[in-house]
Amino acid sequence: MTDPAPPTLTLSGVYFDGRTSRDRAATLEVSGGTLVLRAEGGLETRWEITQLGIDPPIPGIRRVLKFPGGARFETADDAGVSALEARLGRNRGLGRVRRLESRWGTALGAVALMVLFAWGFVAFGLPALARTAATATPDTVLATFDRETVELLEGQGYVGPSRLSAARQAQLQRVFRRVTARVGGDYPYRLLLRDGAPQDAPFELGANAFALPGGTVFMTDQLVRLARDDRELAGVLAHEAGHVTHRHGLAGVYQGLGLSLLTVAVTGDLISAGTFAAAVPAALLRSGYSRAAETESDEVAARFLLREYGTTKPLRDLLARLETQDRNADETDVEAGSRVEDLLQTHPGTAQRIRHLRELEERAKAR
Amino acid sequence: MTERPDLTSSSPVPPGPPTREVPRVVAEVAHLPTAPTAATHPLSFTGQSGEYFRIWIVNLALTVVTLGLYLPWARVRQRQYFYGHTWLDGQNFEYTASPLALLRGYLIVGAFFLTYTLATNLQFQGWEIVAGVIGVLFVALYPWLVMKSLRFLAVSTTHRGLRFRHHGRAGGAYTAYGLANVAAVLSGGLALPWAWFMQRRYQVENAAYGSARATFRGDVGDFYVIGLTGLAVAIGGGLLLAVPVIALLVGLGILGDFDVVGGLPGPGIIAGIVILYAGLLALYGVAWQYVRAATLRYVLNRVEVGGVVRTQATFSPWRLVWIGVSNTVAQVLTLGLATPWAAVRRTRYVMSGVQVRAIQSLDAFCADFTPEENALGEAATELLDINLGF
C-alpha cells in the first residue's frame with residue numbers, strides 16, 4: 001500500500017452527478033493519491049483518494065465508486081476496481097465473501113455445512129439447549145406446571161379418586177418416600193394415586209405412571225394391580241424420579257418449542273403447507289428425544305433397584321407385563337420388535353429396555 | 001442453469017447501449033409543439049439461478065456460522081443482486097441499505113419477538129403482562145412500522161444516481177394500515193378490497209423518484225373485482241375438490257370402514273381428511289397468489305411518475321400463479337435448495353412483463369433532498385413477515 005509509485009490506473013464507465021439522472025460516459029484516472037474524472041461534455045473533477053467510497057462487490061454487477069455529494073462512477077472493469085481495493089485495503093471481508101460466492105466448490109461446501117449443521121443442531125444442539133434451559137428454570141415455574149396439569153387431569157376427568165384401600169395407599173406412599181429419599185434429589189415430591197379408567201374419561205390412561213416436572217408423580221390403580229410386589233412398583237417410581245431429577249418433562253417442552261421455531265424458520269414462506277409437512281419429522285424427532293429420556297430414567301431406576309435388591313428384574317418383569325397386559329407374564333415373554341417399529345414408538349421398545357436393564361445388572365455384578 | 005440469457009456472464013452493459021439511443025431521439029422531438037411521443041423502455045432481469053444459488057448458499061452458511069449476526073449482510077447482498085440485475089434504459093438499480101443499520105433493527109425487533117414467544121410458550125409468572133404489553137405495542141405500532149419500512153426501502157433504492165423516496169406520514173399509515181384493516185375485520189372481509197386499495201394508494205402516492213412524485217390512478221372498484229375473482233377461485237376449486245373426496249368417504253362408509261364410534265377412524269378416513277386438508281391449503285395458496293399477482297399488475301398499470309412516466313405491466317397473473325405454485329412444489333421437494341432458482345425464475349418473468357413508458361428522456365430527472373431513514377421498520381417487516389403487498 002505504501003508503494004512509492006503505484007502505476008496509474010484508468011477505469012472507463014459512466015458518471016452520475018447525483019443531482020440529475022443524466023448519465024455521461026466517463027473515465028476515472030487514479031494516480032498516487034489523486035483521482036481525476038473526465039466525463040462526456042468536458043467535465044473534469046478531482047478528488048483525494050481518501051474521499052472515495054467503494055461499494056463491496058456483488059457477482060455479475062458492475063462496480064460503483066462513490067464521491068462526496070452523491071456523485072458516482074459505475075464501471076464494468078471489475079479487475080481494475082479490485083486492484084484499487086487491494087491497493088487501498090478496502091472491502092477485505094466482503095471481497096473474501098465474493099470469492100466464496102463465485103466458486104462452485106465453496107457453494108457445495110456451504111450446502112454440506114448446512115446439512116451438517118442442521119443435523120448437528122437437531123441431534124445435539126437443541127437437546128443440549130433444552131437441557132440447559134430446563135436446568136435454569138426456577139422451581140416456581142415447575143410448581144406452576146404441576147398445579148395446572150393436575151387441575152387439567154382431574155378437572156377433565158382423565159383420572160378419578162383411587163379405589164385402593166387406605167392401608168394400601170399408605171404403604172405405597174412409604175415406598176415412594178423411600179425411593180425419593182434415595183434417588184430423588186431436592187424436589188417437593190408427592191405421589192398421587194388415582195383411578196386411571198374412571199367412567200366418561202376422554203382418554204383412558206389405564207395402567208400407567210408419569211411424573212410432572214415439579215415432582216408430582218401419578219400412578220394409577222391399574223398399574224398397582226398389574227404389579228406382583230412392591231419392588232416392581234418401587235422400580236417404576238424410581239424411573240419417574242429420574243424424569244424429575246433430569247428435568248425431562250421441561251426439556252421436552254423446550255425441545256418442542258425449538259423445533260417448531262426451527263420449522264418456521266426453515267419452511268419460511270412455504271405458506272402453511274410446510275407446517276403440515278414438517279409436523280411428521282418433528283413428531284419423529286420428538287419421539288427420538290423422549291427415547292433418550294426413558295433410557296436415562298431407566299438407569300436411575302436400575303441404580304436404585306441394584307442398591308436395594310441387587311437386581312433390576314422387578315422393573316423388567318413389570319415392563320413385560322405392561323407390554324403384554326398379562327398379569328402372569330414376565331420378561332421372557334417379550335420379543336424384540338422390528339427396527340421401524342422401534343423408531344415410531346415414543347418409548348424405546350420394551351424388549352430393548354429390558355435388555356438394557358439386564359446389561360446394567362450384569363455390569364454391576366462384574367464390578 | 002442450462003438457459004443462458006443474451007447477456008453472457010451478465011457482464012454489465014456499458015454506458016449507452018442501443019436501447020437507450022431511441023428515447024434520446026424521441027426527447028429531441030418532444031419539445032416540438034406537437035403531441036409528445038411516448039418511448040417504451042422494457043425492464044429486464046439478468047440474474048442467473050446458478051450464480052444466485054452460490055450467493056444465497058454461501059450467505060446462508062455464513063449466517064449460520066456467525067449465529068445469525070451476518071444475517072443483515074446476507075439480506076443486503078441478496079437484495080443487491082436482484083436490484084443490480086434489474087435494468088431499465090441501460091442502467092441498473094442499486095440497493096444501498098447499510099447492513100449495520102439493519103443489524104440494530106434486527107436486534108431490537110428480534111429481542112421483542114423472542115420475549116413474546118418465550119412468554120406465550122413458557123407462561124412464567126406474569127407472562128400475561130409481558131405478552132400483552134408486547135402484543136399491544138405491536139398492534140399500535142404496526143402502521144408506523146410499515147411507514148418506516150416503506151421510507152427506508154425507498155431511500156435505499158437508487159437508479160441513475162438518484163434515490164427514490166417515500167413521503168408517507170404516520171396519519172396516512174394509520175388510516176391505510178390501521179383503520180382499513182380494522183374495518184376489513186369488522187366487516188367480515190367485505191371491506192378487505194377497500195383496505196388493499198387504501199394501502200396501495202398510500203404506497204404509490206407517497207413514492208417519488210428524485211423530486212418527481214408518483215400518482216396512483218387506480219379505482220377501488222377494480223380491487224373488488226380482483227377480490228371476488230380470488231373468492232370465486234377458492235369456492236369453485238373447493239367444490240371441485242370436495243365432491244370426489246366426499247364421494248370417497250361415503251363409499252368407504254358403505255364398505256364398513258366408517259368406524260369412528262368407539263375407536264380410531266380407519267386409514268381410509270384419515271387419508272381422505274389429509275387430502276382434503278392439503279387440497280384446501282393449496283386452494284388458499286392459489287387464490288391468494290392470484291390476488292397478489294393481479295394487484296401487482298393492476299397497480300403497475302396505474303402508476304404515473306412526475307406526469308411524464310407511466311409504468312405498464314403485461315405479465316399474466318395466472319402465469320404468475322402457476323410459477324408460484326410450481327416454485328413451492330420445487331422448494332418443498334428440494335428441501336429449500338431450489339429457493340434461489342424459484343426467486344430468479346419469478347423475478348425474471350415479472351420483469352420481462354414490465355415496461356416504462358415515458359414522454360421525456362429518463363435522464364432528465366432531478367434529485368431531491370433525501371434525509372436518512374432508520375431501519376427499524378424494515379427490520380420489523382423482514383423479521384415479523386409483515387406483507388407489504390408485493
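Two cavities of 30 Å³ or more are present in the structure. The largest cavity holds about 180 Å³ of space. Its lining is made up of 16 residues, and those nearest the centre are Ile58(A), Ile61(A), Arg62(A), Val64(A) and Glu94(B). Several secondary-structure elements supply at least two lining residues each: in chain A these are β6 (63–66) and β7 (72–75), and in chain B they are α3 (71–84) and β3 (91–95). Strand β3(B) provides the largest share of the lining, with four residues. Sorted by class, the residues around the largest cavity comprise seven nonpolar, six charged and three polar ones.

Helix α3 of chain B also contains Gln78(B). The relative accessible area of Gln78(B) is 12%, and the residue is therefore classed as buried, the cut-off being under 20%. Beyond its neighbours within four places in sequence, Gln78(B) makes contact with Tyr52(B), Trp56(B) and Asn59(B).

For chain A, the average pLDDT is 83, and 86% of the residues score at least 70. Where pLDDT is low, the predicted coordinates should not be read in detail.

Note on methods. Residues are numbered from 1 along each chain as its sequence is written. Chains are lettered from A and ligands numbered from 1 in the order in which they are written. This is a predicted model: local features need pLDDT of at least 70, side-chain atom pairs count only at pLDDT 80 or more; totals for chains, interfaces and linings use all residues. Side-chain values use heavy atoms; hydrogens and water are left out. On a 1 Å grid over the protein atoms alone, a cavity is a set of points where a 1.4 Å probe fits but cannot get out, and a pocket is an open set with protein on both sides within 12 Å along at least five of seven lines; lining residues have an atom within 4 Å of a point. Grid points are joined across faces, edges and corners, and a volume is the space filled by probe spheres set on the points. Ala, Val, Leu, Ile, Met, Phe, Trp, Tyr, Cys and Pro count as nonpolar, Asp, Glu, Lys and Arg as charged, and the others, Gly among them, as polar. pLDDT is the predictor's confidence in each residue, from 0 to 100. Buried means under 20% relative accessible area, exposed over 50%, partly exposed in between (1.4 Å probe, protein chains only). Contact means heavy atoms within 4.5 Å.
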